[in-house]
Amino acid sequence: MAQAVAHDQKEHAAGGHGHGHPPTSLGLNSRKVGLWTFISSEAIFFTALISTYLVLKPRNIALGGPEPQDFLGITLTAILAFILLMSSLTMVLALHAVETDNVRGTRLWLGATILLGLMFLGGQVYEFNKLWSEGFHTIVITEPDGKVERIGVAEHHLEEELPHLQAEHPNAQIQDTGRKPVTWTTSLFGSTFFTMTGFHGTHVAIGVVWLSIVLVMSLRGAISSRNSLTVEMAGLYWHFVDLVWVAIFTLIYLI
Amino acid sequence: MATTAVPVPQAGERSRWATIWEWITTVDHKRIGILYIFTAIAFFVWGGIDALLLRIQLAAPENNFLSPQVYNELFTMHGTTMVFMAVMPLNVGLGNFIVPLMVGANDMAYPRLNALSYWLFLFGGIFLSSSYIIGHPPDAGWFAYAPLSANGGVLPKTNAMDFWVIGINILGVSSILGAVNFIVTILNLRAPGMKFNRMPLFVWAQLVVAFLIVFAFPSITVASILLYFDRNFGTAFFLPERGGDPMLWQHLFWFFGHPEVYILILPAFGIISEVFPVFSRKPIFGYAFIAYSSVAIGFLGFTVWAHHMFAVGMGPIANAAFSATSLMISIPTGVKIFNWLATLWGGSLNFKTPLYYGVAFIFLFVIGGITGVMLAIPPLDYQTTDSYFVVGHFHYVLFGGAIFGLFAGFYYWWPKMFGRMLSERLGIWQFWLMFIGMNLTFMPMHYLGMIGQPRRTWTYEAGMGFEFWNLMETIGALIIALSVAIFLLNVILSRRNGEIPGDDPWDGHTLEWATSSPPPAHNFDKMPVIRSRRPVWDLKYGDAQHFTEPRDVKAAGSTDEDEHSHGIHLPPPSFYPIILAFGLTVAGYGLLYIYSGGVWGIVIGLSIMWVGIAGLASEAARD
Amino acid sequence: MANQTSSQAEVAAPHHDAHAPSNVRVYIQIFVVLFVITMVEVFASYLDEPPINLETWIEITVLVALAALKGLLVVMFYMHLRFDSRWFTTLFTTGIIIATLMAIVFLLLWGYKASLGGLVL
Ligand SMILES: [Cu+2]
């Protein structure tokens, strides 16, 4: 807050968009200040979701839930991450085009961003579908001394894993509780994973709708460098959604 | 649709429907503030009736006035109503009216969004309250501890807590949007010369509160959404029997819940910081300390949440850490107390109702603060947790603090808001009744908690030493009710008989006293030059007395150059905020009955919302 | 407006006045860097497995650092915080600080309990 005073009363329009604005007390565009505040709030929303995933992860494993790395393919998410990064690039190119009054470029890059967003959503639908079709088995190992251990084994690893487990616990009673699909409700992993990525996907979808509206406005000739803020705002939101995926990609998929 | 910005009332020949339409479509921060205040007062009375019923039940041992289930519902709704539907919106309402005036703006930064926040608040409140009629009122406590709130446990299996979850989220959206609006208004719409270190302390407090809302609410949003999934979709985030973790609920809830306490109390700090200098005719002592200690309290407020959970077994290290951070908060709070006392010291005190409430605020809040420090010490907390000691503590903070601060603010700003004074005679009566009733109700709770009366328990056995003081508390609660009734009477009488105050009845020094009472739609005809923290005192007592043209800061972000050529640009009234809010509420009812056709409710609700969003977007593009 | 002397305005100038090529070039350069980091991340996610077998905490540190770097680049260049008013940076960082605090304390709390298998990141 200290620099608050120093920056006060700066009468230049740092936002620099549009004309004839009466100066605001920070010299900033009000909508942009509001959007950044909202993005800040959203950051905490996603942090709460990601933290939920992370703190429940050990419980999921201890209870014999599915091991995330057995199901989350790095290749697919790397492609998804690449798509979103690419869309961030097309987004800034769209903003650059609108700032230089390049109408065709604006439409082209906005369209590309929307397309990449849709590709991401498609990838996510594919991933969700694939997970739902897969299964895991909770193996309950009861040692002679009564100690109980639960291990989640992916369906596709079951045949190779079971002999291992038998070898590791020669005297234990090993019980397979049967196949469960990897869905929203069958394990903490499913609950936390689908909730978190689902909310992220919802945000991507909202971003796609927002960008589509901007594209329609552009097609109607309602977007120019005078109101490039319209594009910039949608872009800020879009980059933020990308940013969330940067975090999810690392914390959930890679670690 | 009406096409021009409507000036404040002066209805006269206008029909009743036109007036109602004006209020429904208003985007004027002053009218929205008034709507907030009256709606919140209605909920305050409702939540108070809940409390009275609880107190009647507890007046005598083994009483059968309420069944245990109804008792559960009433204490849950009492807490939820008072926190989300009374004190918060009272703060927002006062802030809505006063903050733009104080910073010299002619409205909030986003007037339509402001209206949307109000309608979401109203509909969210109606949504929650409708549980009395069409369902079952929430019954698992205002902090909705899972798994009790998730699978009901011993409670009847109803959709009561779905009402709570969805209602809280509608109110949460309202709060977050409102908070963003306050932040942008305060940061960006200050009049020329209104530097940060000249901002009134009430504005500082509202700024910090807005940040707290923006950063704290996402946590309860996530928590309550997960709870909804647990209740309706078969997940098990908080269900220990299926591996979930009830502690997760508690942490997510209190990460919100503790800052929420400051969201409730900081505006009262701000009000007191405005009232004391005016009524002791002397500048505030330690302006910077008060302003920055608000910021410090706000920030530290995010590091202490688990002091609500000492007894659940986090272990000694976590308990010690959260105890230490909690104790640290008493430092910036103490700084404020001493600054207020120093402001009063040596001032020529003008003992009017606002100052009565202000002085009582210090007295009562210090008691609540000290018991708070006690509760921040784990060994003491082990003994007193979930007892009436805790109930006594937080009522000293929230009733003795927030409510007393708000009453100080009402008596102080009522003439500005309505152009009528509240009666001083009734005000003093109201004050003493409230002061006596408040202490009679809540002081014995400390003792009863110490000797073992548990909170949230519908009755107690005779012969445990609880009888006498419980009866006294009930009498105290009735005295509070009488006091509130006198306030309402005062409000009603003031409309006709209230003294006409003039622009500046208290010899105020902040900008709202430089305009008429009530202010015109555009707030200021002429704007005093702001060269200090007390521009209106400069004007009245300074050497250079001049005005400037008010600056049209609201239109920032607009692209239509023509609009700025003549005077102040006020956005036209809009019907879309209420549409959008209505759509979200319909979707909320859809979520409530998700397994009996509620999906259609969601679809219809979202469609209505879309109409609102599209309408607002096109209006925003036009101005 | 043009002859602003504040450092903030000077920083802002190149962004708004610069011409197409330099801007676009920076955007593309940033994208290339982001792409490379992502590839490195994928590679780094195998650090704690054969044949490299580094400690898991080292892998986690590397991955979190890389993600933070990516985030920083996106925020600074694509979201323009590098060139925009410091106010936006302040607003955003405040939220990020509180969010980080939340995440770290949550992990510490659950790691400390360690009753159900400890904190297995
Ligand atoms: Cu607390």
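Visitor: Why is B:His258 called buried?

Guide: B:His258 has a relative accessible area of 6%, and buried means under 20%, exposed over 50% and partly exposed in between, calculated with a 1.4 Å probe on protein chains only, so B:His258 falls in the buried class. B:His307, with 15%, is under the limit and therefore buried too.

Visitor: What should I know about the model behind such values?

Guide: This is a predicted model, in which local features need pLDDT of at least 70 and side-chain atom pairs count only at pLDDT 80 or more, while totals for chains, interfaces and linings use all residues. Residues are numbered from 1 along each chain as its sequence is written, chains are lettered from A and ligands numbered from 1 in the order in which they are written, and side-chain values use heavy atoms, leaving out hydrogens and water.

Visitor: Which residues are the protein donors of the copper ion, and what makes them donors?

Guide: They are B:His258 through ND1, B:His307 through NE2 and B:His308 through NE2, lying 1.8 to 2.0 Å from the copper ion. The donor residues follow the spacing H-x48-H-H in sequence. B:His258 lies in helix 9 (residues 246–279) of chain B, whereas B:His307 sits in the loop between helix 10 (287–300) and helix 11 (316–344), so the pair ties together parts that are 49 residues apart in sequence. Helices are DSSP runs of H or I with at least four residues and strands are runs of E with at least two, numbered from the N terminus.

Visitor: How is chain A divided into domains?

Guide: Domain 1 of chain A comprises 32–133 + 185–254 and domain 2 comprises 135–181, the bounds coming from an automatic or database domain assignment. Their C-alpha centres lie 38 Å apart, yet the contact (heavy atoms within 4.5 Å) takes 13 residues from domain 1 and 12 residues from domain 2.

Visitor: How much area is buried between domain 1 and domain 2 of chain A?

Guide: The value is about 910 Å², of which carbon and sulfur atoms give 52%; buried area is the accessible area (1.4 Å probe) that two parts lose on being put together, summed over both. On the domain 1 side, A:Gly64, A:Asp70 and A:Thr186 lose the most area to domain 2, together 45% of what that side buries.

Visitor: How many salt bridges are counted between domain 1 and domain 2 of chain A?

Guide: The count is 0, a salt bridge being a side-chain nitrogen of Lys or Arg within 4 Å of a carboxyl oxygen of Asp or Glu.

Visitor: How do you know that A:Glu155 and A:Arg179 meet in a salt bridge?

Guide: Their side chains come to 2.7 Å, N to O, which is within 4 Å, so the pair meets the rule. A:Glu155 is in the loop between strand 2 (148–154) and helix 6 (158–168) of chain A and A:Arg179 is in strand 3 (residues 173–181), 24 residues apart. At 34%, A:Glu155 counts as partly exposed, as does A:Arg179 at 39%.

Visitor: Where does the salt bridge of B:Asp245 and A:Arg59 cross?

Guide: The side chains of B:Asp245 and A:Arg59 meet at 3.3 Å, N to O, and the pair crosses between chains, from the loop between helix 8 (201–232) and helix 9 of chain B to helix 2 of chain A. Both residues are buried.

Visitor: What makes B:Arg231 and B:Asp162 a salt bridge?

Guide: Their closest N and O atoms are 2.8 Å apart, which is within 4 Å, so they too qualify. B:Arg231 in helix 8 and B:Asp162 in helix 7 (residues 160–188) of chain B are 69 residues apart, and both are buried. Elsewhere, salt bridges that share partners join A:Lys32, A:Glu232 and C:Asp84 into one network. Over all chains, the structure holds 12 salt bridges.

Definitions and conventions: Donors = N, O, S within 2.8 Å, 3.2 Å for Na, K, Ca; no water.
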